[in-house]
Amino acid sequence: MADIHKIVCYPVGNGDSTQVILSNGRRILFDFCHREKAEDSSTPEVDLNARLKEELKKVERDYFDVVAFTHADLDHIQGSTQFFELQHAEKYCGEGRIKIRELWVPAAMLLEEAEKDEQQEEFVLLRQEARHRLLEGKDIRIFSRPKALIDWLEEKLKDRGEPVNARNHLFIDAGTIVPGFLLGRDGVEFFCHSPFMKHCEGGDIIRNSAALVFNVRFRADGANYDYLHVGDAEWQDLEDIINTTRYHKNDDRLAWDLYNIPHHCSYLALSDDKGETATEPKPLVKDLLQQGRADAYIVSSSKPIPDVKESYAEVQPPHIQARKAYERYLREVGGRKFLVTMEEPNANKPEPIIFEITGAGITWKRSVSIGAPAIVQSRPPRAG
């Protein structure tokens, strides 16, 4: 049977939620953003709670194999503590909650401090969940190992009568492949680009800089395709990633067939200058955009980005100037289309953007307002 993997990007407004569904049935969810207003059918945002539960029910599941929170900003975690089962407290279990077989989080999520009046906020509950799983020694991967976290962990392990290195296997360093998925067996591997230890040094945690960034490499019928999944990194963070990746001669991990761009099409992921009509990317960020392969796609998890006069003065993302830049470089590499989650098939009632990955390439299964989905097929397969 031919390999068919899927990537599903959900229309949740200026927020992030993307699911990877492997040919063998394993499911990985990147981020979760459910807004209560989406439960009103008259609003354009998808009801993520209902959609994901419906999808899981169809395949007789009550769990995801992996849920990865790239960082703890609300637009990446909103509603998660009501939707998922949390192992650290009985009151967050059962009642139709969806299980997380393995939780992936950046180390920063375990180190963030909270004021007394923040103890019921979602980032605090997820911090408690991550700490609980780490101490229990199962069902979690922590990305990066800053000294502050290791010092905290070693004291806890001593109190439990365990060796200070008893949890080392749960930590993942930048520049390595995450254990648990094999390209030959699962048709996928996850190469961790970031975070670095420096992102949590000195007690000053910047969530966007300390976010998870992956090269996700798919294999379908012998051919490889690369998906770049980035949190809310800014241009300086991307420059760090590019320099470090090249230093370690992992340049192939910067190439992409699909790029889920950072921070809802913010110009700050390209440069510190928005530009009048189009953002001019910093040189290394420009290099990254030029790593796109023929037939590549770019996805912006964001509100619509209309090319109208008012858009050029917008302060908050998405920024039309950034869109212009992405579209320019996508054309240069012979890419296919820049897609916005809240625009497809239309801005009034967007549907998830679905890509299929087969030996023939990346296929965008384009939704239409009426009738069956249209298929936008890539060119013939290339060598793996």
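Trainee: What does S301 touch, leaving aside residues up to four places away in sequence?
Mentor: The contacts of S301 are G13, N14, G15, D16, N260, H264 and T341. A contact here requires heavy atoms within 4.5 Å.

Trainee: What makes β13 largely enclosed?
Mentor: Five of the five residues of β13 are buried, so the rest of the structure largely encloses this strand. β13 spans residues 256–260.

Trainee: How do you know that β12 and β13 pair, and in which direction do they run?
Mentor: Pairing needs at least two bridges. Three bridges join β12 to β13, and the two strands run parallel.

Trainee: How many bridges join β13 to β14?
Mentor: Four bridges join β13 to β14, against a requirement of at least two. These strands run parallel. L258 stands opposite Y297 in β14.

Trainee: Through which helix does the chain cross from β13 to β14, and with what handedness?
Mentor: The crossover goes through helix α9, residues 283–289, and is right-handed. β12, α8 and β13 also form a right-handed β-α-β unit. The label right-handed means a clockwise path over the helix when the strands point away from the viewer.

Trainee: What is the strand order of the sheet, and why do β10 and β15 count as its edges?
Mentor: The sheet is open and has six strands in the order β10-β11-β12-β13-β14-β15, with mixed pairing. β10 (188–194) and β15 (337–340) each have a single partner strand, so one side of each is left without a neighbour in the sheet. On average, neighbouring strands of this sheet are turned by 20 degrees against each other, direction ignored.

Trainee: What holds for β14 and β15?
Mentor: β14, residues 292–300, is joined to β15 by four bridges, and the two run parallel. S300 stands opposite V340 in β15. Helix α10, residues 320–332, packs on the sheet and touches β13, β14 and β15, its direction making about 150 degrees with that of β15.

Trainee: Where does helix α8 lie?
Mentor: Helix α8 (residues 235–247) lies across β10, β11, β12 and β13, at about 115 degrees to β10.

Trainee: How do you know that C33 is in no disulfide?
Mentor: A disulfide needs two cysteine sulfur atoms within 2.5 Å. A search of the whole structure finds zero disulfides. For C33, the nearest cysteine sulfur is that of C9, 14 Å away. C33 counts as buried, because its relative accessibility is 1%. C192 also has 1% and counts as buried.

Trainee: Why do D139 and S144 get their accessibility labels?
Mentor: The cut-offs are under 20% for buried and over 50% for exposed. D139 has 27%, so D139 is partly exposed. S144 has 2% and is therefore buried.

Trainee: What makes the bond from P317 to P318 cis?
Mentor: Its omega is near 5 degrees. P318 is in the loop between β14 and α10. Another cis peptide bond joins E344 and P345, with omega about -5 degrees. P345 lies in the loop between β15 and β16.

Trainee: What is the mean pLDDT of the chain, and where is the pLDDT below 50?
Mentor: The mean pLDDT is 92, and 92% of the residues reach 70 or more. Over residues 369–384 the pLDDT is below 50, although this stretch has 42 contacts in the model beyond near neighbours in sequence. Where pLDDT is low, predicted coordinates should not be read in detail.

Note on methods:
Residues are numbered from 1 along each chain as its sequence is written. This is a predicted model: local features need pLDDT of at least 70, side-chain atom pairs count only at pLDDT 80 or more; totals for chains, interfaces and linings use all residues. Side-chain values use heavy atoms; hydrogens and water are left out. Buried means under 20% relative accessible area, exposed over 50%, partly exposed in between (1.4 Å probe, protein chains only). pLDDT is the predictor's confidence in each residue, from 0 to 100. Axes are lines fitted to C-alpha atoms, for helices over the stretch in contact, and angles run from 0 to 180 degrees between N-to-C directions.
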